[in-house]
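Here are my notes on the model. Please read them with the structure open.

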Amino acid sequence: MNKPIRIGTRGSKLALWQAYHVADLLKVKGLASEIVIIETKGDKILDVSIAKIGSKGVFTEELEMQLSSGEIDIAVHSAKDMQSRLPDGFEIIAFTEREEVNDIILSHKEGIDYKNADQSLVLGTSSTRRVATLKHFYPHIQTVEIRGNLQTRIAKMESGVCDALLLAYAGAHRMGYDDLIRFKLSLDEFTPAVGQGSVALESSSNLDPVVKNQIIEACHHRETGYRLLAERAFLRVLEGGCSIPVFALADLEKDILHLKGGIVSLDGRKRIVQKVSGSAIQAEELGKKLADLVLSDGGEEILKEIKKLLKK
Ligand SMILES: NCc1[nH]cc(CCC(=O)O)c1CC(=O)O
């Protein structure tokens with residue numbers, strides 16, 4: 001009888017959903033598991049925006065310590081929240097099948113019409129990509145920064161902080177809020193963050209290869225894997241992190257990857273989008289190619305401006 005696989009996770013409801021999802025996938029293949037809840041810096045600091053703390057590893061550092069010590073076998077994260085480069089000694093071994101990738105507008109109110117410039121609308125979000133994208137396409141919409149888990153954000157919205165929230169479909173759906181979803185936003189306008197909708201399994205490079213292969217067999221979704229490989233290669237060049245409004249989305253059609261992505265300036269004035277296609281086995285090359293196209297098309301300048309602004 002195998003030892004149960006120890007799954008490390010943050011304690012938020014969404015994180016726990018993800019951990020149980022992985023536990024279920026393991027169980028289908030007859031693998032027992034245990035869930036270990038670990039508090040991270042990002043969970044403790046609630047009053048400062050993530051962009052200001054510096055996104056680097058705030059939700060992953062403590063989990064990585066437990067991976068190194070062997071206290072847990074895998075750490076489960078939203079793929080979107082993972083840095084594009086992992087510290088030495090760690091790797092992503094699997095991506096679960098991706099959920100619908102769209103952003104959505106969620107509200108307890110009915111009659112919200114975000115396209116109507118005559119309606120005053122305050123949207124809560126803490127994502128620089130979403131704020132900048134709103135400024136670009138819907139400059140009449142006001143935004144307010146809102147943090148905390150989904151339950152907290154909904155409570156803040158209902159208390160009047162904003163009219164609606166701009167969120168990932170995946171999180172709202174997993175938390176059971178489908179009935180509050182008012183709009184599913186277009187992928188051309190609100191092209192998602194890299195990795196949105198998938199769950200990533202991280203391990204130490206020292207994980208027993210037999211256990212590692214069992215986990216991959218049970219949890220890895222091949223198509224999602226190619227898509228995220230391309231998107232993450234793009235992000236690596238653009239030095240993403242959640243404080244930089246870059247976006248990318250890969251789709252797989254048979255074995256051809258179609259990848260689009262870009263960057264938007266913080267004031268929303270400039271938005272650069274490029275597309276590339278090619279064989280899925282060249283996913284990483286495609287991601288890099290896309291990044292080069294975006295950079296040479298004006299992305300480099302936008303990136304420099306943003307970095308200058310963030311240093312202030
Ligand atoms: N940045 C927070 C975060 N990380 C993952 C999700 C949702 C689930 C997912 O995209 O995998 C969310 C919430 C959101 O963006 O609305």
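1. **Ground rules.** Two residues are in contact if their C-beta atoms, placed from the backbone, lie within 7 Å. This is a predicted model: local features need pLDDT of at least 70, side-chain atom pairs count only at pLDDT 80 or more, and totals for chains, interfaces and linings use all residues. Residue numbers start from 1 along each chain, as its sequence is written. Helices (H or I, at least four residues) and strands (E, at least two) are DSSP runs, numbered from the N terminus.

2. **Leu 150.** Leu 150 belongs to helix α6. Setting aside neighbours within four places in sequence, Leu 150 is in contact with Leu 14, Gly 171, Ala 172 and Met 175. Leu 150 is buried because 20 other C-beta atoms lie within 10 Å. The cut-offs: buried means 20 or more other C-beta atoms within 10 Å of the residue's own, exposed means 12 or fewer, and partly exposed is in between; C-beta atoms are placed from the backbone.

3. **Met 157.** Helix α6 (residues 150–158) also holds Met 157. Met 157 counts as buried because it has 23 C-beta neighbours inside 10 Å. Its contacts, leaving aside neighbours within four places in sequence, are His 108, Gly 124, Cys 162, Ala 164 and Leu 165. Take Gly 124: it is 33 residues from Met 157 along the chain, and their C-alpha atoms are 7.6 Å apart.

4. **Val 131.** Look next at helix α5 (residues 128–137), which contains Val 131. Val 131 has 22 other C-beta atoms within 10 Å, so it is buried. Not counting residues up to four places away in sequence, Val 131 touches Thr 125 and Thr 143.

5. **Domains.** The chain splits into domain 1 (1–98 + 198–220), domain 2 (103–184) and domain 3 (221–312). These bounds come from an automatic or database domain assignment. The centres of domain 1 and domain 2, taken over C-alpha atoms, are 28 Å apart.

6. **The β1–β2 pair.** Strand β1 (residues 5–9) and strand β2 (residues 33–37) run parallel and are joined by five bridges. Strands pair if DSSP finds at least two bridges between them. Arg 6 stands opposite Glu 34 in β2. Between β1 and β2 the chain passes through helix α1 (residues 13–28), and this β-α-β crossover is right-handed. Right-handed means that, with the strands pointing away from the viewer, the path from the first strand over the helix to the second runs clockwise.

7. **Helix α4.** Which residues of helix α4 (residues 61–69) are buried? They are Glu 62, Leu 63, Glu 64 and Leu 67. The buried residues of α4 pack against β1, β3 (74–78), β4 (90–95) and β10 (199–204). Gly 70 follows α4 with a positive phi, near 85°.

8. Strand β12 (residues 256–264) is mostly covered, with seven of its nine residues buried. β12 pairs antiparallel with strand β11 (residues 246–253) over eight bridges. Val 246 has Ile 263 in β12 as its bridge partner. β12 also pairs antiparallel with strand β13 (residues 271–279), over nine bridges. Six residues lie between the strands in the β12–β13 hairpin, where Gly 268 takes a positive phi near 80°.

9. **Check Lys 254.** The β11–β12 hairpin has two residues between its strands, with Lys 254 in the turn. Lys 254 has a positive phi of about 55° although it is not a glycine. Most residues other than glycine have a negative phi. Lys 254 counts as exposed because it has 6 C-beta neighbours inside 10 Å.

10. **Helix α10.** Helix α10 (residues 283–311) has 29 residues, yet its end C-alpha atoms are only 33 Å apart, short of the 42 Å that a straight helix would reach at 1.5 Å a residue. The expected span is 1.5 Å times one less than the number of residues. α10 bends by about 80° at Gly 298. That bend is the angle between axes fitted to the seven residues ending there and the seven starting there. Among the buried residues of α10 are Leu 286, Leu 290, Val 294 and Ile 302. The buried residues of α10 pack against α9 (222–237), β11, β12 and β13.
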